[in-house]
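Consider the sequence and the model shown here.

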Amino acid sequence: MSLVYRMGLLGASLATLASSAGLYAVKTAGAPAHEIYQNEDFDEILRLPRRTVTTEDGVPLVVRESGSALAPLTVVFVHGYCLRMQSWHMQYRHLREQWGRDVRAVFYDQRGHGESGFSGAEKCTIAQLGRDLGRVIDEVAPTGPVVVVGHSMGGMTAIALASQRPDLFGERIVGAGLLATTAAGLSKTGIGRNLENPVIDAFRYAARTAPGFVQFARGAARAVVTPILRAASYGTVVSPRLVKLSDRMLDETSVLTIVNFLRTLELHDESAALPVLGTVPVLVLSGDADMVIPYASSEALAEELPDVELKRVRGAGHLVQLEFPEVVDRALDRLIQRSFTQGVNGRQIAIG
């Protein structure tokens with residue numbers, strides 16, 4: 001099928017997409033919320049010590065660390081699709097204040113996101129992201145217990161790692177937090193319904209055959225995906241500065257990254273790894289107003305895990321860690337405590 005034909009298909013489909021996107025209520029519209037983050041520095045993470053981890057296929061991943069290298073536990077945070085490490089700002093701040101020297105926090109930008117390098121479409125898969133996470137742990141936390149916390153695509157990344165390297169779980173990885181995520185693809189639930197779209201097919205084709213065209217038509221590409229993600233970010237009226245942060249992360253994501261990860265988000269399936277995850281304490285947390293990955297997916301995930309806390313965050317959209325940080329932070333405190341108690345030689349550290 002010619003690129004010219006695809007371009008025509010793209011134009012014909014945008015009107016339909018715009019109409020469909022209008023079905024989603026943008027919760028942040030209307031009267032502005034009280035600005036509770038007036039003086040918040042959402043880029044504070046970017047001033048943490050920086051290092052680069054190079055993946056097996058040569059992609060540089062930017063990693064930043066907070067806390068002591070001698071901390072008895074390391075928590076590795078893995079962000080989601082069209083986000084970057086700043087999406088964990090609230091949790092970074094909380095762990096620093098609440099746990100001090102007892103917990104080291106590690107953040108990194110996934111390939112194609114934030115400050116990290118890009119790769120070809122063939123490497124934009126959940127399986128590859130799992131291998132990337134393993135590489136980060138090997139280099140940044142080569143010894144000592146680790147808790148992995150992933151949001152959305154980051155949670156899928158953690159589950160993929162369990163499939164690839166089950167030996168890590170129970171020995172090195174002593175806990176896992178899975179926020180707004182699922183073990184299988186999105187083709188039948190949530191945002192997956194919107195990926196069954198000829199516009200997406202057109203951009204998949206263009207990304208493989210004419211990257212220059214995709215860059216030229218980046219405005220059209222964003223008209224396909226970003227309205228859906230933006231509308232799904234929050235389930236309540238939130239701080240305008242919070243909206244600005246999430247919009248900036250989305251807007252700064254390359255159109256090629258947006259396109260190249262769509263297929264794996266639809267079709268990946270790491271369900272076979274759940275028994276491995278079941279060997280450590282797990283937190284499964286989701287908002288019940290999440291349009292990207294419905295809360296029912298979290299319920300189904302939790303049912304497969306024996307040592308799990310399932311936390312429903314009422315009214316929260318997909319960016320639950322930014323929308324309801326106190327709820328997420330308290331849940332992570334419980335996960336860390338459970339991981340210490342059950343996975344670190346029986347040692348228990350009281351929350352300050």
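Which residue is the bridge partner of Val-149 in S6? The partner is Gly-177. The model is predicted: local features need pLDDT of at least 70, side-chain atom pairs count only at pLDDT 80 or more, and totals for chains, interfaces and linings use all residues. Residues are numbered from 1 along each chain as its sequence is written, and side-chain values use heavy atoms, with hydrogens and water left out.

Strands are DSSP runs of E with at least two residues, helices are runs of H or I with at least four, and both are numbered from the N terminus. Two strands count as paired if DSSP finds at least two bridges between them. Strand S5 (residues 146–151) pairs with S6 in the parallel sense, over 6 bridges. From S5 the chain passes through helix H4 (residues 153–164) to S6, a β-α-β crossover that is right-handed (with the strands pointing away from the viewer, the path from the first strand over the helix to the second runs clockwise).

Gly-177 has Leu-283 as its bridge partner in S7.

Thr-74 lies in strand S3 (residues 73–78). Thr-74 is buried, because its relative accessible area is 5%. Its contacts (heavy atoms within 4.5 Å), not counting residues up to four places away in sequence, are Arg-104, Val-106, Ala-141, Pro-145, Val-146 and Val-147.

Key. Buried means under 20% relative accessible area, exposed over 50%, partly exposed in between (1.4 Å probe, protein chains only).
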